[in-house]
Amino acid sequence: MKKILITGGAGFIGSHVVRLFVNKYPNKQIVNLDKLTYAGNLQNLIDVEHQPNYKFIKGDITDATFINGLFEAELFDAVLHLAAESHVDRSITNPLEFVMTNVIGTVNLLNAAKQIWGCNKDKVTPTDKRFYHVSTDEVYGSLGDEGLFTETTSYDPHSPYSASKASSDHFVRAYFDTYNMPCVISNCSNNYGPNHFPEKLIPLCINNIKNNKPLPIYGKGENIRDWLYVEDHASAIDVIFHQAKNGTTYNIGGHNEWTNIAVIRLLCQIMDSKLNRPVGTSEQLITFVKDRAGHDLRYAIDSSKLQTELGWKPSLQFEEGLAKTVDWYLANEEWLASVTSGDYKNYYDNQYVNR
Ligand code: NAD
Ligand code: DAU
């Protein structure tokens, strides 16, 4: 597979996947397709933007005509699909945008790939092509105190975001069953790390601690998430992309469950130490606020299938990964300032026009 389309490559996880693939596979051409929404930021890729095997295209996956034309022109061998609306709170305010990007956008990509690869039930699934759909553990719904999500857990999404991701997963599987599309899906737990947009819990709180602003904790802070360092997600995607059999699904997670309040207390300790503030200073910023509507209580991933079958395992402990993340944000104040002010958008929007 020589030419790989990565969608959403200017976003948080996508930028780490693009960097990994561009650097690790100099003989493969990596094409990054991104609409550059508020969450897409080409500053995330400044270190690879001039590599000869990398190209950026600004475009919208909801535009079927554009997508079909792009696939006909570029003849991609593989698609690594990360583009999405990804923030649960935004999905509660504007569900339709999530249907458009996450569902219609995914089906547009499936149709375009099916067309150029000539997939149909009368032909065997091509072994030299791949459609890799990056999804989330939120499709499985919410756990009680016990148990883990496995690849066979029934789908039970609760937010408009997770409902849209569940729908897109179903379409990908339907294209495998109906047209022999060479598809693979992974469902990952919460990521954290550099380049995370500061609307999500961890980067939001890093930014607020830095600026002595309140740390908004929904409800009582008892909801549990299973955190994975973003580079470990990228390395899992690499392994699955290259080794998984068509039609399979893998869960990705770090066996790393934390209540939100415990995460923020740990973050406060790390930041007090890094900012030379007296112990306990940042914790005073913790503010309990109204809960998120339909807030899932607990996510926890069983990634033993991926670990056993494909030999992947996470590389970092959470305390180490969180300290590394804080270091990155403190060393990249310009990035944070430009993202929070919106300046990064004006700069890049002037350089690329929609095709
Ligand atoms: P993100 O919001 O940081 O980035 C999404 C990217 O998609 C942005 O660059 C944005 O510009 C682009 N995009 C959005 N709409 C587009 C459109 N219509 N056309 C083209 N590009 C468009 O998201 P993320 O957190 O990096 O998540 C990436 C993927 O991983 C998503 O599919 C998400 O569901 C999944 N995921 C995320 C997490 C997590 O913890 N962040 C965990 C599991 C799975
Ligand atoms: O589980 C994977 C998912 O993780 C991904 O699919 C999503 O794209 C990603 O955004 C993330 O979803 P969450 O809703 O879990 O992430 P978020 O950072 O928004 O919230 C983490 C937890 O913290 C959640 O229980 C809600 C809570 N929270 C969040 C924010 C933004 C707060 O208490 N206060 C906040 O201000």
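## Close-up views of a predicted model

**View 1. Welcome to the surroundings of ligand 1.** Ligand 1 has 28 residues around it, and the closest are Ile13, Asp34, Ser86, Tyr161 and Lys165; a residue counts as near when one of its heavy atoms lies within 4 Å of the molecule. This is a predicted model, in which local features need pLDDT of at least 70, side-chain atom pairs count only at pLDDT 80 or more, and totals for chains, interfaces and linings use all residues. Residues are numbered from 1 along each chain as its sequence is written, chains are lettered from A and ligands numbered from 1 in the order in which they are written, and side-chain values use heavy atoms, with hydrogens and water left out.

**View 2. Here are polar contacts of ligand 1.** A polar contact is a pair of N or O atoms within 3.5 Å; within protein, one must be able to donate a hydrogen and the other to accept it, and residues adjacent in sequence count only if both atoms are side-chain atoms. The side chain of serine 86 places a polar atom 2.7 Å from an oxygen atom of ligand 1. For lysine 165, an N or O atom of the side chain is 2.7 Å from an oxygen atom of this ligand. Alanine 84 takes part through a backbone N or O atom, 3.5 Å from an oxygen atom of ligand 1.

**View 3. Now meet ligand 2.** Around ligand 2 there are 24 residues, the closest being Thr136, Asp137, Tyr161, Arg292 and His295. In the side chain of arginine 292, an N or O atom is 2.6 Å from an oxygen atom of the ligand. Histidine 295 has a polar side-chain atom 2.7 Å from an oxygen atom of ligand 2. Serine 86 has a polar backbone atom 2.7 Å from an oxygen atom of ligand 2.

**View 4. Two helices pack together.** Helix α4 (residues 95-117) and helix α5 (residues 160-179) have axes that come within 8 Å and cross at roughly 15°. Helices are DSSP runs (H or I, at least four residues), numbered from the N terminus. The two are therefore roughly parallel to each other, a term for angles under 35 degrees. Residues making the contact (heavy atoms within 4.5 Å) include Phe98 and Leu110 of α4, with Tyr161 and Phe171 of α5 among their partners' side.

**View 5. Last stop: arginine 19.** Arginine 19 lies in helix α1 (residues 12-24). Leaving aside residues up to four places away in sequence, arginine 19 touches Asn44, Leu45, Asp47 and Val48. A polar side-chain atom of arginine 19 lies 2.6 Å from the backbone oxygen of asparagine 44.

Conventions. Axes fitted to C-alpha atoms, helices over the stretch in contact; angles between N-to-C directions. Parallel < 35°, antiparallel > 145°, perpendicular 65-115°, else oblique.
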